[in-house]
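Subject: Structure handover and what was found in it

Dear colleague,

I am handing over the structure that we talked about, and below it you will find an account of what was found. Please keep the model open while you read, so that each part can be looked up in turn.

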Amino acid sequence: MEFEVKDISLAEWGRKEIQLAEHEMPGLMSLRKRYGTTKPLKGARITGSLHMTVQTAVLIETLQDLGADIRWASCNIYSTQDQAAAAVAKGREEGTSRGGVPVFAWSGETIEEYWDLLYKAFCFYEGKGPNLIVDDGGDATLLLHRGYELEHGDNWVYLESKNEEERCIRNVLKKIHAEDAGFWTRVVESLRGISEETTTGVLRLRLREEQNTLLVPAINVNDSVTKSKFDNLYGCRESIVDAIRRATDITLSGKTAVVCGYGNVGKGVAQAFRGCYTRVLVTEIDPICALQAAMEGYEVCKMEKALSIGDIFVTTTGNYHVINEQHMRQMRNQAIVCNIGHFDNEIDIASLERASDITKQNIKPLVDLYSFETEGHSILLLAGGRLVNLGCATGHPSFIMSISFTNQVLAQMTLWQETHKPQMYLLDKRIDEEVATLHLAALGAEIDSITSEQGEYIAVNVAGPFKHEQYRY
Ligand code: NAD
Ligand code: ADE
């Protein structure tokens, strides 16, 4: 079995954690029960680029039980749980359809390794690529599109790189091109679609769709109600404080937290701090989200004002340089700075590394103290500015990931079973409602039904969908 993980001997520990997680992932387990014998994904080759955690292990093995042939990489250099990666690589029953899955991921990859490992997740047997991609953040989609464009005369790979990440992407693409100049064209020809997990990946897909450069169909899983209104919100509500506590052991009660952005993730993060008796300040650029925050009783203010007040800063925007060097120069001594948005460019860490009056001291893995000689203060940066909940903790817990990943499996089945044009799609509202239904019983929740008379009165079918498309939940 081909795989690259940190330590395969961690498999036994990983397996025990996966078994515990299965109990908390009723949506995925019910899909295994429903489709385990008919195997609707039989024949499908799937490349995954999504945090290689215990929860993702349950997703991978569900896709495997539905018949798929899978290769997997992580979508972040710090988020892999090595015991989960080892358990998936070892598999449940050697030599059977429940055998090991090729996993290419470990915690603490370099950026160069990250892009190499992602490419390996694309390389099936006999020069074949995947038929389906599960993407989180759009890196697999990016590699595929840039690779295809290179094979069709585009010169992007020969341009100057602005940073190390770009340099590594260009290098891996050049290497592949030298080895097999038709690889990405073959991949695109055999690809039935991509399902994208997160807001930032959806943004990147939308740009391609607008520019008419999207090569394959893509299902926007993020904007299923049972994804963005659950994972992004309740998931981050569960995992943000866990990460800050594990990293710093700070007392949150009485402190002031600044939540930058009040979208779905920001709402969850703000609630989490409120639950710890932390004073919460919110910064926003969108008047609607700002008004929502104000109506929830949070103090909404400009970043400039928050800088001198905040003890903890969390970026949740998916935007670029939301916290910059000047901001960090104005913060209080020992302010904690972290990001829960998808990419590490929300906080301008590169500027800290460049400045001659700033020194960095590592306190422990993924906790760094930056000291500013000019201002005479320090700040504590968590997870190197990358997703703090997956770097300093273990991400969202299983039940929440079951809701997200049930959508992912149903998206993969849709792409495999139906033919789509190269554009973006949402999953049907019936699927959204079904995903919710699969998770109600585990929480002891029961719902009422309506009579046909009531259905007519509110203009919905008695079997659902129970809301019209414009309803915003
Ligand atoms: P969203 O669009 O719902 O919210 C982002 C908010 O940030 C918006 O309200 C926007 O107006 C605001 N914003 C943008 N620029 C700003 C600025 N300069 N200052 C203040 N506010 C600003 O997106 P979301 O679903 O909340 O996702 C946010 C990010 O988190 C994305 O990168 C997403 O991929 C990521 N995400 C991470 C996790 C995780 O587990 N860490 C989970 C889900 C999503
Ligand atoms: N995103 C947030 N938390 C996660 C987890 N536990 N596994 C995979 N992806 C995640």
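Before the first result, one definition is needed: Ala, Val, Leu, Ile, Met, Phe, Trp, Tyr, Cys and Pro count as nonpolar, Asp, Glu, Lys and Arg count as charged, and the others, Gly among them, count as polar. With that in hand, the shell around ligand 2 has two nonpolar residues, seven polar ones and no charged ones. The residues that surround ligand 2 are His51, Thr53, Gln55, Thr56, Gly235, Leu390, Gly395, His396 and Met401. Please bear in mind throughout that this is a predicted model.

His51 sits in the loop between E1 and helix H3 (54–65). Is His51 buried or exposed? A residue is called buried if 20 or more other C-beta atoms lie within 10 Å of its own, and His51 has 25 of them within 10 Å, so it is buried. Apart from its neighbours within four places in sequence, His51 is in contact with Thr56, Ser74, Cys75, Asn76, Ser79, Asp136, Leu390 and Gly395.

The domain assignment divides the protein chain into domain 1 (8–228 + 396–431) and domain 2 (234–391), and the centres of the two, taken over C-alpha atoms, are separated by 29 Å. Their contact takes 14 residues from domain 1 and 15 residues from domain 2. On the side of domain 1 that touches domain 2, the largest share comes from H9, with three residues, and by class this side has four nonpolar, ten polar and no charged residues.

Strands of a sheet pair through backbone hydrogen bonds, either parallel or antiparallel. One open sheet is formed by seven strands in the order E3-E2-E1-E4-E5-E6-E15, and its pairing is parallel. At its edges stand strand E3 (103–104) and strand E15 (424–425), each with a single partner strand, so one side of each is left without a neighbour in the sheet. Strand E2 (residues 69–73) is joined to E3 by two bridges, and the bridge partner of Ala73 in E3 is Phe104. Helix H5 (residues 111–122) lies across strand E1 (45–49), E2 and E3, and runs at about 175° to E2.

Within this sheet, strand E5 (residues 193–196) has both faces covered, with Gly193 and Ser195 on one side and Ile194 and Glu196 on the other, all of them buried. Strand E4 (residues 132–135) pairs with E5 in the parallel sense over four bridges, and Val134 stands opposite Ser195. E5 also pairs in the parallel sense with strand E6 (residues 218–220), over three bridges, and there the bridge partner of Glu196 is Asn220.

Another open sheet has eight strands in the order E9-E8-E7-E10-E11-E14-E13-E12, and its pairing is mixed. Here strand E9 (299–300) and strand E12 (358–364) stand at the edges, each with a single partner strand, so one side of each has no neighbour in the sheet. E12 and strand E13 (residues 367–372) pair in the antiparallel sense over six bridges, whereas strand E7 (residues 256–260) and E8 run parallel and are joined by five bridges. Strand E8 (residues 279–283) is mostly covered, since four of its five residues are buried.

Finally, there is a pair of helices to look at. The axes of helix H2 (residues 26–35) and helix H18 (residues 398–417) come within 7 Å and cross at roughly 35°. In this contact Pro26, Gly27, Leu28 and Leu31 of H2 meet Ser402, Ile403, Phe405, Thr406 and Val409 of H18, and by class it has six nonpolar, three polar and no charged residues.

With best wishes

Notes. Residues are numbered from 1 along each chain as its sequence is written. Chains are lettered from A and ligands numbered from 1 in the order in which they are written. This is a predicted model: local features need pLDDT of at least 70, side-chain atom pairs count only at pLDDT 80 or more; totals for chains, interfaces and linings use all residues. A residue is near a molecule or strand if its C-beta atom, placed from the backbone, lies within 6 Å of it. Two strands pair if DSSP finds at least two bridges between them. Two residues are in contact if their C-beta atoms, placed from the backbone, lie within 7 Å. Axes are lines fitted to C-alpha atoms, for helices over the stretch in contact, and angles run from 0 to 180 degrees between N-to-C directions. Domain bounds come from an automatic or database domain assignment. A residue is buried if 20 or more other C-beta atoms lie within 10 Å of its own, exposed if 12 or fewer, and partly exposed in between; C-beta atoms are placed from the backbone.
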